[in-house]
Amino acid sequence: MLSSEALRDLLDPDSTVLLTVECQRGVVGPGAALPQLAAAARDSGALTQVARLVAAAHGSGVQVVHAIAERRPDGRGANRNARLFRAAERLPVQQLTGTEATRVAPPIEVAGRDLVVRRLHGLSPIQGTDLDALLRNLGCRTLIVTGVSANVAIPNTVFDAVNRGYTAVVPSDAIAGVPADYTPAMIRHTLALVATVATTDEVLTALRPPDVRPA
């Protein structure tokens, strides 16, 4: 575990980007496509923690990027090569482009300077999207990864980030998956091997200017 000073150095606002993964109404909002996952994100407090991190990023000058998964009404370009994708086609709530389901879910607030990256395919917001190029253009060296799910998209995002040379930071209480006890086990046995794991409060403290940090 990094010291508070080392974490502060790692989270330099000029080279840090905060990424929210699939924190959209159709995934974690009321009436979401996967009620169990939505409940886990709310009941664990993960969605609230993501909102706190986003607000802090807005206040500290850290760039925020929201990664949205969506599909066309005709499904063109979407994967069908895994059970997960085929099941998603049958869900009562579809993440259709331009619909309410693909808007960022409250209590997360989207600022005018935030970027939104949308994907029609795959499991990761980095692979095959504009995100990697955007991060490099932003001068990103450290990527804070938040959102859902701890089962699929979050580990994919962390692995893709690390493979591309970014340092990944995972706030352990700002991600969620199902069942609830899977998330801490996955963090401990998988993500902790390749990412810096911290709590939301530790990240928030690192992002505060020195004169407003608690004594």
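Two strands are taken to pair if DSSP finds at least two bridges between them. On this criterion, in the predicted model examined here, strand β1 (residues 16-21) is joined to strand β2 by 5 bridges, and the two strands run parallel. Within this pairing, V21 has A67 of β2 as its bridge partner. Strand β2 is also paired with strand β3 (residues 115-119), again in the parallel sense and over 5 bridges, and here the bridge partner of I68 is R118 in β3.

For the chain as a whole, 9 helices and 7 strands are assigned. The C-alpha atoms occupy a box of roughly 55 × 35 × 30 Å along the principal axes. The radius of gyration of the chain is 16 Å, which agrees with the value near 17 Å that a compact globule of 215 residues would have. Across these 215 residues, 46% count as buried. When contacts between residues at least 6 apart in sequence are considered, 79% of them are found to join residues at least 24 apart.

Attention then turned to the open space in the model. Rolling a probe the size of a water molecule over the atoms shows where empty space is left. The largest pocket holds about 790 Å³ of space, and its lining is made up of 31 residues, among which E22, L34, L84, A88 and L91 lie nearest the centre of the pocket. The elements that give two or more residues to this lining are α3 (35-43) and α5 (83-89), and the largest share, 4 residues, comes from α5. In terms of residue class, the lining of the largest pocket divides into 19 nonpolar, 8 polar and 4 charged residues.

Key: Residues are numbered from 1 along each chain as its sequence is written. This is a predicted model: local features need pLDDT of at least 70, side-chain atom pairs count only at pLDDT 80 or more; totals for chains, interfaces and linings use all residues. Side-chain values use heavy atoms; hydrogens and water are left out. On a 1 Å grid over the protein atoms alone, a cavity is a set of points where a 1.4 Å probe fits but cannot get out, and a pocket is an open set with protein on both sides within 12 Å along at least five of seven lines; lining residues have an atom within 4 Å of a point. Grid points are joined across faces, edges and corners, and a volume is the space filled by probe spheres set on the points. Ala, Val, Leu, Ile, Met, Phe, Trp, Tyr, Cys and Pro count as nonpolar, Asp, Glu, Lys and Arg as charged, and the others, Gly among them, as polar. The radius of gyration is taken over C-alpha atoms; the globule rule is 2.2 Å times the number of residues to the power 0.38. Buried means under 20% relative accessible area, exposed over 50%, partly exposed in between (1.4 Å probe, protein chains only). Contact means heavy atoms within 4.5 Å.
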